[in-house]
Amino acid sequence: VEIEYWQYFFEARVTAMEQLIENFEDANPDITVKMNHFPYADYRTKVAAAIPAGEGPDVVQLFYGWLNDYVDAELIQPLPDDLFPAAQIEEEFFPMVSAMKQDGRYWALPTAVRSLALFYNERLFDDAGIENPPQTLEELVATAEKLTKKDGAGNLTQVGLTTGMTAQDHHWWREVLLRQFGGTPYSDDNRTVTYNDEAGQEALQWYVDLEQTHGVTESTFMDEPQAAFKAGRAGMHIDGSFRIGALNDTRGLKWGVAELPAGPNGDRYNYASYWVNAITSKAEGEKYDAAVKFMAYITSDEAMQIWLETVGELPAKPSAALTDENTGDAVYGPFIKGLEYANTTVFVNESAQRQAMTDMVSRIELQGQSVAESLAQAAEEEQKILDEYYSE
Amino acid sequence: MNFYSNLNIGQKRVLWAWGFLAVPIIFYTVVRFYPTANAILLSFQEWNLLGDRTWAGLENYATLASDPVFWKVFKNTFLYLILGTPISLIVAFTVAYHLDKVRFMHGTIRALYFLPFMTSAVAMAWVWRWFYQPVPIGLFNNFLATFGIPQIAFLNSTTNALPAILAPAVWAGLGFQIIIFMAGLRAIPATYYEAARIDGVSRWTVLFEITIPLLKPTIVFLVVFSSIGFLRIFDQVFNMTTNNPGGPLNSTKPLVLMIYDTAFNGYDMGYAAAQTVVLFTILLLVSLLQLYLLRDR
Amino acid sequence: MSVAENIEIKASSDALLRGPSNAKKPRNIAQLIRWIILFAGGLLMVMPIAYMLATSFKFPFEVYNLNLIPEEPTIENYTYVLGDGRFYHWFWNSLLIATLTTVSNVFFDSLVGYTLCKFRFRGRYIVFIAILSTLMIPTEMLVIPWYLMSQQFGWLDTHWGIMFPGLMTAFGVFLMKQFFETVPDDFIEAARIDGLNEFQIWWTVALPLVRPALAALAIFVFLGNWTAFIWPLIVTNSQEMYTLPVGLTTFSVEQQVEWELIMTGAAISTLPTLIVFLIFQRFIIQGVVMAGLKG
Amino acid sequence: MANLALRDLRKSYGRSEVLHGIDLEVDDGEFVVFVGPSGCGKSTTLRLIAGLEEVTSGEVRIGDRMVNNLEPKQRDIAMVFQNYAIYPHMSVRKNIGFGLRTSKMAKNDKETRIDEVAALLGMTDLLDRKPSQLSGGQRQRVAIGRAMVRNPAVFLFDEPLSNLDAQLRTQMRLEIKKLHQRVGSTIVFVTHDQVEAMTMADRIVIMKDGHIQQIGTPAEVYHAPNNIFVAQFIGAPSMNLLSGRQEQGQVTLFNGASVPCTGEPASGAVTVGVRPEDLQPGSDGELQLEGIITVTEPLGAESLLYVDVDGHEVIASGPGRHAPEAGARIQLSARSENLHLFDTGTGEAIR
Amino acid sequence: MANLALRDLRKSYGRSEVLHGIDLEVDDGEFVVFVGPSGCGKSTTLRLIAGLEEVTSGEVRIGDRMVNNLEPKQRDIAMVFQNYAIYPHMSVRKNIGFGLRTSKMAKNDKETRIDEVAALLGMTDLLDRKPSQLSGGQRQRVAIGRAMVRNPAVFLFDEPLSNLDAQLRTQMRLEIKKLHQRVGSTIVFVTHDQVEAMTMADRIVIMKDGHIQQIGTPAEVYHAPNNIFVAQFIGAPSMNLLSGRQEQGQVTLFNGASVPCTGEPASGAVTVGVRPEDLQPGSDGELQLEGIITVTEPLGAESLLYVDVDGHEVIASGPGRHAPEAGARIQLSARSENLHLFDTGTGEAIR
Ligand SMILES: Nc1ncnc2c1ncn2[C@@H]1O[C@H](COP(=O)(O)OP(=O)(O)OP(=O)(O)O)[C@@H](O)[C@H]1O
Ligand SMILES: Nc1ncnc2c1ncn2[C@@H]1O[C@H](COP(=O)(O)OP(=O)(O)OP(=O)(O)O)[C@@H](O)[C@H]1O
Ligand SMILES: [Mg+2]
Ligand SMILES: [Mg+2]
């Protein structure tokens, strides 16, 4: 039988998957797997157009945030209980994978996960005489201040820390800063926004102070945070593990990674996300069996290790991730450690929810709205998004 | 054949006309009208693309009317139209008019103006975005900074962002409009100008009394078409605000971007369809109004 | 640089094609000023493109520098893009699709435009408005029905599937209709007398008279299809069927765009359109030779 | 070969009727010339015959077929347009050859035919030019060539010679006549040129405001005009009209002169017409006028004398050489058989 | 008011020279008519005078200024184009008024002037129409109106009357002459019409292939043509040419007839020209010819007889009524003072 597998295009991911497929086909000579990949930016559109039309893959890679829609529309089928018992999954995988569970059954599983960490520019650190990356938020500000440079007119020419809600900061704020200041983003059932409180205000105030009070950053600096960091014009940069490859390719950049700074109370949080693989409802009979086998293989420890080595993404199981070798790795170490205390946001509409965060900060920066008001408005907007979704 | 030969000349020509239109009409019906009708139907339904369609009545429209973002977007869309169409047409006409009189390196200069139209919108949006950045990388702000003039926040501003995004849209379409204008200018018989030269009227008179009136078919086309273009502006906005589409704070978001966003990020196809119907209605009204105002009297 | 040379050769042959000049010798200064301003404007127009070219010769670390001349120029981006075996597929697909679509558009759009302009019949205006109204629905709303249609007829992932929605455009119909207005009816009537049927009249008499518009249409349709993105993306599955713009997006990866590669791709893909432009613009310049034939 | 008939032909543009019921029978092989003031509907009539415009009411018959519903090409006609309508994008050769496109001739024969026609029109050297490189007259010749090349049953000419020089005009006039005699086609020809009309026509049709005023041979319309309009329109310079009153078989003119009159007008008012060439210096005729010459126009063979007779200007013809000077007093006379009498009220001729 | 001079004027299109050195002096207020075969360069000359084309070499002077480099509007001229060039998007009123745009007249005066011109051209009712609703002749009148409305120093007319009917033509001819007399403008007028040329011109310029053949008053060019070309070109139908040999002060014609000859041609060969109107039935003249009538063309006042004289066709004029029938044998004669002698070799007149 031939089954089809879809994912988005990223060279390393394609290479890794090719290798996995090869291994899988060796082990299962009666099955061939055909892989198709599509541009990242438009992958979602593509999948959304194809799958409802009954076209496309038997096994598909989805962003975890999209799961609800696919489950509701019955476009994917739950993983078989016998091979993927829920209890075993919960035991083997990092806890955040539980977002893939609905009605007591798992619908999809990741091969790899990603988390956030603090990238820093070693050369700039040396120039500024900084020895170690900051461990707390206070240190973060202090370090950033040392790394910030301005020209005669007062325009920033180098920022201490990059910021930008449009990049990863909305995760950082929602799942990390907010919790560090004592708040929570959502209620346990994920249906209510809970950050419109004092903790939320403090977290937001702290965040906007980076630019407004400390002047160590500018959200529009060099258009994109990662660009500023890559160009060596930012001392520090918070980003996901998927950035490692690009930074490795950047000539002349010496950089290091540290865990995200701890909060005022010393707690650490992190945000993790992942792409999952699921079996579409198109797969039936033989193909379904083959798809199940393929699922099993690509969520195995072996597959995860290959993925880590080829793509640089973190294994989804502690057993594969938390090896001494991995945690000790200078680059992967901080990310993997982050996984232990990482949370995952259950998005109903990721871009809309991010937009609420982006607008929240824009209102303060561009329109001078007070932090409290802006936060309240953001909470209201996001609540509306949630309500609309869950009311259906 | 007998039937055909019994028709009078007028009827025969009508038959020919419909014959010529037959294939295109089938094409348009299948490829355009049917999906359009589908979209109109969909605007009364609820559909997340993945599941079933359910009837929603006027709910989508009610949501739309009460959505402040929609009204903001509505205003933006008209701003693009009201600024973009006259500016681009006047600039294009001016260039075409003068270019038509230039011989030396004519082809080269025309190609220079046309090049932007040929290059990929994505790549160009990025370059422009890059021009607009604050120091240290923004070309314009660096330029200002060397003269000690304070920076201008082009894109990160609720007031400047829309014109800043309009500029590359005008820029990209200019070559197209120039070419059309030039083709139109070329179609005006030289004797008309000769007669005017003899009559000794001023160059302005020739321009306003002869060139522009005789250029009317071209102008009608460009006004209607570029209005549609600006009302449907998408590429430039989308690509220049990739991080924060239509931002900041929706100050640059046009209707099409809202539709795109609703459809392919929110997967709220019914709602997107309702927006599409609104856009469709606006476009149709604007075009019909323009055709009416510019008709041959 | 040979492109620039080409343009110049074109320009001088154009000057000959135009026939006798009516220009007067004086006012040279005004002419010169006009020329200088136009030329400077033209240079301004291509500035972003110059940056695009410059970027395509840069290493990633230099991409965000302002300089037009790369400090460390490299053709690595080109060898990378051109070295990608898929590139040739994409290029060929785009070329094929853009060419065929152009032919179809030039044929059908001008036929419909002619009909709507030169025939008087009831329903003419309705047909025109109906066709024009198709410009008013964003493609994004149409791709889903098209997709379902293609699936039904088995056109997914085929050239035909990529092409079919663009075979005719209201844009072309409108453009051609407006230009046929400048063709005197006498020419058409004379041909009727000479025994041509309506189709032959359109083909042998009317079309040659609107050559500038046809050329413009050809350029625009070719360009439009050359850069079309969303539909080719949706309808293709295999990388071999991608068109150039779709293929080029594979250079942008998650959360990050490799601009030097995008710029390289854009630079390469501009070349064919430039050639098409240079081929067809000749007709635009020639203009309508009937000047002075009719009062 | 065909006879051509128009039966109560009407044509309206929008609400304004420009042809009000044209009736005409043209025999097979006949040469009919339409004349009439500008805007009277000559071109329109031609276009209806050709099938370029739809008939509003009435019938067009060619060769006993009702052709109202036939396309131009099925009517076996050729037409030369008033403003040439030659194709700017084709060379002269292709333009002329265009008339042969649908014919089944061998390619060689076509070429020969084109060369033949070109030679006839003196355009052999111009065959490869584009229309924009031709002078006005040359363009018109191309248009004529395109019609001639095909030998259709009916030729329609809309002022084909008006841009040609006199020489070529005379020549073309003869050529067209010869063509007519050779192939025997029916020809309908519109012209403004008196001489053309008189010399070429088997019959002349005089139109005014969408009505036919008179149909007749050149001699008939010249010597026996139906009404004042025709009398004035045919002949250049046109007939002198003198108002008078009828009294007992005599007409008394405004200046007291009187001439015999046979007919009986409804009103008493009579207009007496006399052609300039019938009004000559001398006293040899029944009509006698005396006046002062205001202008003399030499025409070579003869000259025209503009004479002021008691405040009325009349035109008379004088000798080509030694014409009387302007300012001189002169005695003019005409014979009564050369006088034309019209009822002033209706304008109709009194016979 | 201005005089006009062309000095060795040449014009080439690309490599082909179409005017080969035109020299002409036009006096202030003079009315000059250009005639010549189609394509001889009349329009081109006019366009050079108007400043619409660049002069290749030579000079154009208007009112003692060298105007080669002046814009048309600085030359104080008006021009009527052969193909009208009226603006399709303007009403007739606006088209006519266009010529007044630069004038400093009060708006009211302008309107009056337009109405005046329109009345003159018989277009008062058409003032609000668009050109597309006009007939060919009506369009041409609009073009004339636009030039007339302005009263410039020099008028240039390129076959302005060729699409008008005879009536209107005669009328316009007179109007233009009156205009000329009233305002005294210098007028250069191109026409194909013999009668127009003869009646209107102070002097006629006959061109051929870009060369001037003769400049002279109408009487001069008619009665004393410089060469065979002019002799044949002026006068319609054109002069009969009979070949002969000169022997001792006598010319012996091909048929044996002989006439006296005074001049001395270089070669012995002489061509004898006689105008049709000088060749009449009868035996009253030195030149005697006998032949058979092949065709009779009635022209009303007179008729043309095509007579075959020993294989040569000559045209003679006969009476308008009772013209001899075709087929009859006829005796023709002409007086020796009406004969024109030319050197057959050079074509020049022998005087
Ligand atoms: N398309 C039209 N719409 C309205 N009126 C028209 C149209 N075409 C012609 N006419 C009018 O119909 C009348 C007859 O026109 P037609 O062209 O037949 O005249 P004509 O006798 O050929 O004149 P001419 O000798 O000047 O060419 C004119 O008064 C003209 O203005
Ligand atoms: N643009 C051009 N290119 C080349 N040759 C031309 C051009 N315009 C005119 N000619 C040629 O120049 C010659 C003179 O043309 P012109 O128009 O002056 O003739 P014309 O005497 O006005 O003739 P007509 O009486 O037919 O109008 C013609 O042989 C014509 O073919
Ligand atoms: Mg007419
Ligand atoms: Mg001419």
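Colleague: How far is an oxygen atom of ligand 2 from a polar backbone atom of E:Cys40?

Modeller: This is a predicted model: local features need pLDDT of at least 70, side-chain atom pairs count only at pLDDT 80 or more, and totals for chains, interfaces and linings use all residues. Residues are numbered from 1 along each chain as its sequence is written, chains are lettered from A and ligands numbered from 1 in the order in which they are written, and side-chain values use heavy atoms, with hydrogens and water left out. For a ligand, a polar contact is a pair of N or O atoms within 3.5 Å. For E:Cys40 and ligand 2, the distance is 3.3 Å.

Colleague: What share of the accessible area of ligand 2 does the protein cover?

Modeller: Polar side-chain atoms of E:Ser43 and E:Thr44 each lie 2.5 Å from an oxygen atom of ligand 2. On its own, ligand 2 has 640 Å² of accessible area (Shrake-Rupley method, 1.4 Å probe). The protein covers 89%.

Colleague: Which chains surround ligand 2?

Modeller: The residues that come nearest are D:Arg129, D:Gly137, E:Ser38, E:Ser43 and E:Thr44. "Around" asks for a heavy atom within 4 Å. The site is shared, because its residues come from chains D and E.

Colleague: Which elements each supply at least two residues of the shell around ligand 1?

Modeller: Chains D and E both surround ligand 1, so this site is shared too. Elements are DSSP runs: helices (H or I) have at least four residues, strands (E) at least two. The two here are α1 (42-50) of chain D and α4 (136-148) of chain E.

Colleague: Which strands stand at the edges of the open sheet in chain E?

Modeller: Five strands run in the order β15-β19-β16-β17-β18, with antiparallel pairing (at least two bridges between paired strands). An edge strand has a single partner, so one side is left without a neighbour in the sheet. Those strands are β15 (280-281) and β18 (312-319).

Colleague: Which residue of β17(E) is the bridge partner of E:Pro298?

Modeller: Strands β16 (residues 287-298) and β17 (residues 302-309) of chain E pair in the antiparallel sense over six bridges. The bridge partner of E:Pro298 is E:Ser303.

Definitions and conventions. Polar contact = N/O pair within 3.5 Å; in protein donor to acceptor, adjacent residues only side chain to side chain.
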